[in-house]
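Please examine the sequence and the model shown below. The paragraphs that follow lead through selected loops, helix contacts and cores.

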Amino acid sequence: MVSSNGGFAKVELRPMFSELSFNIVMRMVTGKSYYGGKDGGEEGKEFRELMEEMFEYAGALNPADFLPILKWFDYQGLVKRAVSIGKKMDSFLQGLIDEQRNTAAIAEESRNTIISHLLVLQQSQPDYYTDEIIKGLVTVILLGATDTSAVTLEWTMSDLLNHPSVLKKARAEIESVLDPDQLMDEPDLSKLHYLQNIILETLRLYPTGPLMLPHLSSDDCTVEGYHISGDTMLIVNAWAIQRDPKYWDDPTSFKPKRFESGESMGSKLMPFGWGRRACPGESTIKKLTMRDGKGLTMPRVVPLEAMCKARPIFNKAFSKAAAA
Ligand code: HEM
């Protein structure tokens, strides 16, 4: 917080959304929160540093993918760096797996986690659910679930602040649907249709994976009259499809009401990808987002700062938590 005025304070939202996303995902994976909570400590510090390195290199463009001769020289040292981060991540995740194996030593809340469920599967299918596979699954969840969610939240807040009438309507919906003395909970989200339309419209205009992940054609095929040989890297520009005037009315305007009919948007809207390799986190996010930045995800170039004031319900909830 930079300044405060009449209960309002200027808040840079990105780090908060990022920490929130990491904590939610790590609670799912291991039952721990590494940001601002009781599990901070040395382990939390190590995790935060690892994640920073992982994200820096996960989004790095490797010129050798396009000019294979560069692979001979490990141009820019990207492979060496990736191997070193991979080793550190491997040892960190192995520590978490070993800890969860010894269930007696961990807190009750950590026993209902992705790792603990995968370890149960390991007992019945040890050849498939090896530690390597579990570490791989956890890594892909960490990479896929955290930055995308934080960036989507930041874009959603930007859209709301740039469209006060939409913000007012969203607030009115929340106030009409929810008990004023309760914080919002997961089951409430299904009743908040306007809020869901706001998230869809944000994902349409600012898909956090604008080019999805690179796909590889398994065979020769033809797309829109273009011949594509097997084994070719294909990049789908979801950002362009979702702003294409052929498919969308007034495509660059932020209009959540375009989703009011509830009809399926088919492949016009694909912020979570399409087909067999589409994002498995889509339902998690739907339950729960100017200029664009660069990288694998599409953050704002200028981080969002907003004047924020806690609603009375938050003050009540915090005092209750502090007293407990
Ligand atoms: C707003 C949030 C999110 C967005 C916009 C998003 C978007 C995407 C996109 C575009 C892909 C690539 C799909 C393709 O290339 O066809 C993907 C893959 C993936 N996402 Fe998400 N994602 C989000 C949140 C999550 C969450 C919360 C999780 C986990 C709980 C998750 C886990 C994954 C995984 C594991 C993959 C790789 C799937 C595969 O390769 O088979 N994502 N996501």
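**Loops, helix packing and cores**

Glutamine 76 is placed in the loop between α2 and α3; helices here are DSSP runs of H or I with at least four residues, strands are runs of E with at least two, and both are numbered from the N terminus. The structure is a predicted model, in which local features need pLDDT of at least 70 and side-chain atom pairs count only at pLDDT 80 or more, while totals for chains, interfaces and linings use all residues. Residues are numbered from 1 along each chain as its sequence is written.

Although glutamine 76 is not a glycine, its phi is positive, at about 70°. This residue counts as partly exposed because it has 14 C-beta neighbours inside 10 Å. The scale behind that label calls a residue buried if 20 or more other C-beta atoms lie within 10 Å of its own, exposed if 12 or fewer, and partly exposed in between, with C-beta atoms placed from the backbone. Of the 324 residues of the chain, 20% count as buried. The chain contains 10 helices and seven strands.

Methionine 212 also has a positive phi without being a glycine, with a value near 50°. Its position is in the loop between α7 (193-205) and β3 (215-216). Is methionine 212 buried or exposed? It counts as buried, because 21 C-beta neighbours lie inside 10 Å.

Two further loop residues may be considered. Serine 264 belongs to the loop between α8 (238-241) and α9 (282-287). It is exposed, since 8 other C-beta atoms lie within 10 Å. Between serine 264 and lysine 168 there are 26 Å from C-alpha to C-alpha, at a separation of 96 residues in sequence. Tyrosine 35, in turn, is found in the loop between α1 and α2. With 19 other C-beta atoms within 10 Å, tyrosine 35 is partly exposed. Its C-alpha atom is separated by 25 Å from that of proline 280, which is 245 residues away along the chain. Leaving aside residues up to four places away in sequence, tyrosine 35 touches Glu19, Phe22 and Asn23; such a contact requires C-beta atoms, placed from the backbone, to lie within 7 Å.

The helix pairs come next. Two packed helices are described by the angle between their axes and the distance between the axes. Axes are lines fitted to C-alpha atoms, for helices over the stretch in contact, and angles run from 0 to 180 degrees between N-to-C directions. The axes of α2 and α3 lie 10 Å apart, and these helices pack at an angle of about 150°. The two are therefore roughly antiparallel to each other, on a scale where angles under 35 degrees count as roughly parallel, over 145 as roughly antiparallel, 65 to 115 as roughly perpendicular and the rest as oblique. In the contact, Glu46, Phe47, Leu50, Glu53, Met54 and Tyr57 of α2 meet Leu78, Arg81, Ala82, Ile85, Lys88, Met89 and Phe92 of α3. By class, nine of the residues in the contact of α2 with α3 are nonpolar, none is polar and four are charged. Here Ala, Val, Leu, Ile, Met, Phe, Trp, Tyr, Cys and Pro count as nonpolar, Asp, Glu, Lys and Arg as charged, and the others, Gly among them, as polar.

Helix α4 (residues 114-124) and helix α5 (residues 131-162) have axes that come within 11 Å and cross at roughly 150°. That angle makes α4 roughly antiparallel to α5. Ile114, Ile115 and Leu118 in α4 meet Ile134, Leu137 and Val138 in α5. The residues of this contact are six nonpolar, no polar and no charged.

How do α5 and α7 cross? Their axes come within 9 Å, at an angle of roughly 105°. The two helices are therefore roughly perpendicular to each other. Thr152, Trp155, Thr156 and Asp159 of α5 make the contact with Ile198, Ile199, Thr202 and Leu203 of α7. Four of these residues are nonpolar, three polar and one charged.

The largest nonpolar core has 15 residues, and those with the most contacts inside it are Phe22, Val25, Met26, Val29, Ile115 and Val138. A nonpolar core is a set of buried Ala, Val, Leu, Ile, Met, Phe, Trp, Tyr and Cys residues joined through C-beta atoms within 7 Å. The elements giving two or more residues to this core are α1 (13-29), α2 (41-58), α3 (78-101) and α5. Apart from it lies another core, of eight residues, including Ala150, Val151, Trp155 and Tyr206.

Terms used: Two residues are in contact if their C-beta atoms, placed from the backbone, lie within 7 Å.
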